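Subject: Structure handover

Hi,

Here is the structure for you to look at. My notes follow below it.

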Amino acid sequence: MATGLFVGLITLDCIYRVDHVPSSDEKLVAEESLLVAGGPATNAAIAFAALGNRAILLGALGQHPLADLIRADLATYGIEVVDLTPELRSPPPLSTILVTAATGDRAVVSRNAVGRQADPAVMAEALLADVDIVLIDGHQMAVSHAMAIAAQSQTIPIVIDAGSWKPGFDRVLPLATSVIAAANFQLPRQPDTLTALSALGIPEIATTHGPSPIRFCDRSTLGTLPVPQVAVQDTLGAGDIFHGAFCYYRLHTPFPDALTQAAHVAAESCRHFGTRAWIENAPQRL
């Protein structure tokens with residue numbers, strides 16, 4: 001069993017499956033709804049655990065009653081939570097997500113980690129004991145930087161989920177072993193993400209483009225990989241699930257193979273409403 005440490009955002013997601021996104025002053029009854037823990041690092045940790053691994057989630061949670069809902073949900077999937085802000089009394093970030101039934105497209109409103117940045121004085125060395133891989137989503141940047149430095153010193157692989165540019169990424173990205181960037185991720189004043197990340201000396205880089213092929217650079221070897229085509233029910237969290245699955249497969253297979261395996265898991269997740277239903281059809285462990 002592998003152990004992964006996932007550093008970043010923890011939210012409470014209110015997910016609604018709707019016929020259409022409502023317009024101004026329109027009221028709409030959802031076809032389905034879910035209330036679950038969310039956030040990039042959180043969803044990645046759940047995917048990693050669903051593939052038979054131990055997942056530790058490092059993020060800001062606090063003492064608000066809604067945080068207890070999040071803890072209970074995460075406990076269902078065996079996620080070990082390390083709270084960066086145990087004394088915080090304000091509610092955790094809430095995300096409202098509308099998934100359009102006909103297309104699987106999602107619209108998201110969220111506070112993310114605004115106002116919940118934690119002190120980087122964490123026990124990095126202790127947290128990394130027995131950890132095989134670290135994933136960082138960039139929502140706790142100061143803590144992520146400290147963890148990345150410690151992980152690099154112990155030659156623990158560091159995976160970065162580059163969903164969007166965030167202040168502080170300039171310090172964390174060069175420490176990465178693998179960076180997986182979303183299609184809209186772009187470094188400041190750099191038109192080509194793959195080229196810009198390669199210039200930072202990152203060994204393994206990939207850019208995902210939804211149903212279009214993945215572009216990757218594996219230590220100067222460029223390539224593309226096809227993505228499975230499925231009947232899409234919901235794209236919410238597919239990228240996060242991709243990253244969690246990648247963390248597992250990269251511990252066992254070469255970079256391009258890990259990307260391919262992760263793409264299959266993410267595609268399966270798109271066949272279901274919500275971020276968890278795919279787990280019933282999770283692939284066998286390697």
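Is T193 buried or exposed, and why? T193 counts as buried because its relative accessibility is 11%, under the 20% cut-off. Bear in mind that this is a predicted model.

T193 sits in helix α6, which covers residues 193-199. Its side chain comes to 2.7 Å from the backbone oxygen of F185. F185 is also one of the contacts of T193 beyond four places in sequence.

Next, helix α8. This helix runs over residues 255-270, 16 residues in total. From first C-alpha to last, α8 reaches 23 Å. That is close to the 22 Å expected at 1.5 Å a residue. Twelve of the 16 residues are buried, so α8 is largely enclosed by the rest of the structure. Among the buried ones are F255, P256, L259, V265, E268 and C270.

Now the largest pocket. Its space comes to about 1,300 Å³. The lining has 48 residues. Nearest the centre of the pocket lie R106, T235, A238, G239 and D240. Helix α7 gives the largest share of the lining, with five residues. By type, the lining residues split into 23 nonpolar, 19 polar and six charged.

Best wishes

How values were computed. Residues numbered from 1 in each chain as written. Predicted model: local features only at pLDDT ≥ 70, side-chain atom pairs only at ≥ 80, totals over all residues. Heavy atoms only, no water. Helix = DSSP H or I, 4+ residues; strand = E, 2+ residues; numbered from the N terminus. Buried < 20%, exposed > 50% of the residue type's maximum accessible area, 1.4 Å probe, protein only. Polar contact = N/O pair within 3.5 Å; in protein donor to acceptor, adjacent residues only side chain to side chain. Contact = heavy atoms within 4.5 Å. Expected span 1.5 Å × (residues − 1). 1 Å grid on protein atoms, 1.4 Å probe; cavity = no way out; pocket = protein on both sides within 12 Å on 5 of 7 lines; lining within 4 Å. Points joined across faces, edges and corners; volume = space filled by probe spheres on them. Nonpolar A, V, L, I, M, F, W, Y, C, P; charged D, E, K, R; others polar.
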